[in-house]
Amino acid sequence: MFDLTLYKNTLSTNLIGQSIQYYPELNSTNTKAWELISKNSPNGTVVITDNQLKGRGRQANKWMSTPNKSLTYSIILYPKVQPNKMNLYSLIAGLAITDYLIEIDIQAKLKWPNDILINGKKASGILCESKISGSVIKSMVIGIGLNVNEKTTELPEELCDKATSLMLESGKQYQLEIILANILNHLENRIKNKETNSQLLDWEKRCAHLNQKVTFHSSGQKINGIFTRLTPKGQARINIDGKEIIFDSGEIVE
Ligand code: BTN
């Protein structure tokens, strides 16, 4: 059971997470967030559940989670920015999570576009979805799954060498409410105060594969190259046989 009082006492934002919709069980917090958007839920609303039954991941993957052990939540935003800022929002969400993990001595890294790795294993994934109207993003849902207190046996078996939780890496147990509120504090701070350029630099500093060889899946193709850096819009620049190619989407597989 999510402790709303503990959460509120830790939250120091003006907007993000001030409105919170808590459900003991839900199919997907992202799907619920879109339903709430259609009912005009306020900007910054957070949707959270203890037990997500049909979590959606990027590229039509599933996101599996153990009830009460991990954070599964979505943030509703009405940013009214150009659609090419979408990548930036998802990078900023990853940065906010790593801001807090680093604060509590967990050396988290980022994998483009927005996976959070600890000791090379995935602890968190982000699914950003948006609706565009005219030339602006009218509404956006940032969905975050973060493995917190899972033991190895509580992570999906097929991912046992690729996935991890905060507890597995640090040996400590965490209060989900405190983690969530702190991530939202960092997220609001980043959205309000930081220049795009400094966000991109921060992201590159925390990148797990900067200037390294990567195998990249994009539009059904497998590409080998060197991940050089981000573009000003947060796209990936990959050097393939001496030529720099820019990618809007895709996934680093190795
Ligand atoms: C990924 O790495 O593929 C992204 C995973 C995103 C999962 C989160 S859990 C909360 C929110 N609700 C969903 O259905 N998905 C996102």
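What share of the contacts in the chain with a separation of 6 or more comes from residues 24 or more positions apart? Such residues account for 65% of these contacts, where contact means heavy atoms within 4.5 Å.

The model is predicted, so local features need pLDDT of at least 70 and side-chain atom pairs count only at pLDDT 80 or more, whereas totals for chains, interfaces and linings use all residues. Residues are numbered from 1 along each chain as its sequence is written, and side-chain values use heavy atoms, with hydrogens and water left out.

**The whole chain**

Begin by displaying the entire chain, which contains 6 helices and 14 strands. These elements are DSSP runs numbered from the N terminus: helices are H or I of at least four residues, and strands are E of at least two. The C-alpha trace spans about 55 × 45 × 30 Å along its principal axes. Of the 254 residues, 54% are buried, that is, under 20% relative accessible area with a 1.4 Å probe, counting protein chains only.

**The sheet of 7 strands**

Next, select the open sheet with the order β1-β2-β5-β9-β8-β7-β6, whose pairing is mixed; two strands pair if DSSP finds at least two bridges between them. Its edge strands are β1 (20-26) and β6 (108-111), each of which pairs on one side only. From one strand to the next, the twist averages 20°.

Helix α5 (residues 176-193) lies across β1, β2, β5 and β9, at about 30° to β5. These angles run from 0 to 180 degrees between N-to-C directions, with axes fitted to C-alpha atoms, for helices over the stretch in contact.

**Helix α3**

Select residues 86-103, the 18 residues of helix α3. Because 15 of these 18 residues are buried, α3 is largely enclosed by the rest of the structure. Just after α3, Asp105 takes a positive phi of about 70°.

**The sheet of 5 strands**

Finally, select the open sheet with the order β13-β12-β11-β10-β14 and antiparallel pairing. Strands β13 (243-247) and β14 (251-252) stand at the edges with a single partner strand each, so one side of each is left without a neighbour in the sheet. Strand β12 (residues 236-240) pairs with β13 over 5 bridges, and Phe247 in β13 is the bridge partner of Ala236.

Note on methods. The expected span of a helix is 1.5 Å times one less than its number of residues. Buried means under 20% relative accessible area, exposed over 50%, partly exposed in between (1.4 Å probe, protein chains only).
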